[in-house]
Amino acid sequence: MIANIVKPGHKTRGVLNYLYGPGRANEHTDPHLVASWDGFAPDPGRDPEATLAQLATVLDLRVKQAGHKAPRNHVWHCSIRAAPEDPILSDDQWATIARRVLNATGIAPAGDPDACRWVAVRHADDHVHIVATKVRGDLRPPRNWNDFLHADKELVAVEKEYGLRQIPRGDRTAAKRPTRAEQEKARRTGRSITARERLRTSVRTALTAATGMDQFFEILTGTGVLVDIQHFPAGDIRGYKVALEGDTNKDGEPVWFSGSTLAPDLSYPKIADRLTASDPGPAAPTEFDAWRRLTQAVDRMPDHLADSNDGAGQAHIAVLVETLDALPLIAPTGLRPELLRAAAAFERTSRSRVRARHQQAQATRRAVKAVLRVPPPKDGALLAILLDAVLLAIVATQHWHRTRAHHQQAEAARQAAEHLRRAYQAAAAEPLAVLQQRGTRLAKSLRRRQATILRQALPELADEILAEPGWPALAATIAKARSAGYDPGTLLAEATAQRELDTATSLSQTLAWRLHRLADLSQHTTNAPGPLQAATRIAHPTTQQRRGR
């Protein structure tokens, strides 16, 4: 259940006209009062003799009495909306919830005869609107500071008591959402997203690629973004603001957004801190080495999140956000939509009340920037192995935030994992098909031997895996691991300990991929590596899987 308290206005009748009207898309049905300050307010929705003018007059009575002492913006308007899966509440239940919110916010404390006048209007099954005038009976303003936080806290209790969906709460570190005016402007101009959202993505992408502030501004300018850098009198940079070309106000001037209005972590001081902590390091000689270095760094992230202090953990999550921002730039066109959605969802995880210690994550940040400076791989195997490691890191991030009661960040990680999982499955399809073909060519006696190893290592999952079409791919991988001197049973146990395996659509294919990644199998072949073999050289065994998180 969510409360939305809009900016105070000064037209009581105008708000009532909207609440009792048809709505912007004729979505309002049967508008009527469910409660009022005294239970006797006129209801134009149910009483044919009552009018909106009468209701506005009685609500504004104390405003008129206060005269010039009344606040100009005296209309307090709060909507309360239930989740789509919640049961439909009765009018009496909505009336009770409205009174509880009014009491919690200080607009109408329970038992206070001088409380503000208010009404609760319902015109849909899933929400109610509360309208109050902010002058008390003693002609003083109400004490409603931090009204949203108090309302939200009360709704948490309401959700528990009524058995409603418990909405993840934030910590006031989320990026500002586009305003309704910005959304309507985007629709009018035929854009799918608002200027604010597009600029936020552009700034994040530039931050991911840049190694310093000068390069950060150069990249932004090169992508068609207008950049205005503000300086102190001494010449030092004070801040920056950005605008889209062609996005103008009524006077034809660019609509500027400072970095901090795009997201709290995109302010100039926050960006400068992250870029100061960045050290490009030695350039990777080949794209293979760059991708291997990045995948190894990402592969260690779950360990870092489990072992590091909170500041270091938040820093590693911030770099993981940069990794997801980089993926659409280096992936094939067909994968980009899901990768962009994953990056957009996951960026919320980079902000919490925990201050990131960016110096703790330099190695991964260097690896991200190195990948952006080499040609993209010609086959999908390198990318698929990286996506598998990123997916595990996202799941670890979800667990990290959830254990710290960062509800919105944990939910953002969950959503990002869903998008990334689809991209991973698409990227892995072709190289896994090659591995599957190799498995079907194995001798039957050798496949029986691999099945015995599987049953010994994973007795509870063996029957399910052996029945899957992807079993030949896993059998070929087990054989290769054994010939390379590894204990396949140990590798299988490590791979199954990874949390993300719980959502795998094919256990056999996922395990085959993980074994290649854990054992770095291609380094043990005497032949020149092919596309799949080269890709599997990326990752070395790590300790994260042994922890069984």
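Start with Phe217. Phenylalanine 217 is buried, at a relative accessible area of 7%. Buried here is under 20% relative accessible area, exposed is over 50%, and partly exposed is in between, with a 1.4 Å probe and protein chains only.

Ground rules, quickly. This is a predicted model: local features need pLDDT of at least 70, side-chain atom pairs count only at pLDDT 80 or more, and totals for chains, interfaces and linings use all residues. Residues are numbered from 1 along each chain as its sequence is written, and side-chain values use heavy atoms, with hydrogens and water left out.

Now the rings. Rings of Phe, Tyr and Trp (its six-membered ring) pair if their centres lie within 6.5 Å; planes under 30 degrees apart are stacked, over 60 edge-to-face, the rest tilted. The count is three aromatic pairs. One of them joins phenylalanine 216 and phenylalanine 217: tilted, 5.3 Å centre to centre, 55° between the planes.

What is the relative accessible area of phenylalanine 216? It is 0%, so Phe216 is buried. Phenylalanine 216 also pairs with tyrosine 240: centres 5.8 Å apart, planes at 85°, so edge-to-face. Phe216 sits in helix H8 (residues 213–222) and Tyr240 in strand E7 (residues 237–244), so this pair ties together parts 24 residues apart in sequence. Helices (H or I, at least four residues) and strands (E, at least two) are DSSP runs, numbered from the N terminus. Tyrosine 240 is buried too, like phenylalanine 216. Ring pairs link Phe216, Phe217 and Tyr240 into a cluster.

Last stop: glutamine 450, in helix H18 (residues 444–457). Glutamine 450 is buried, with a relative accessible area of 1%.
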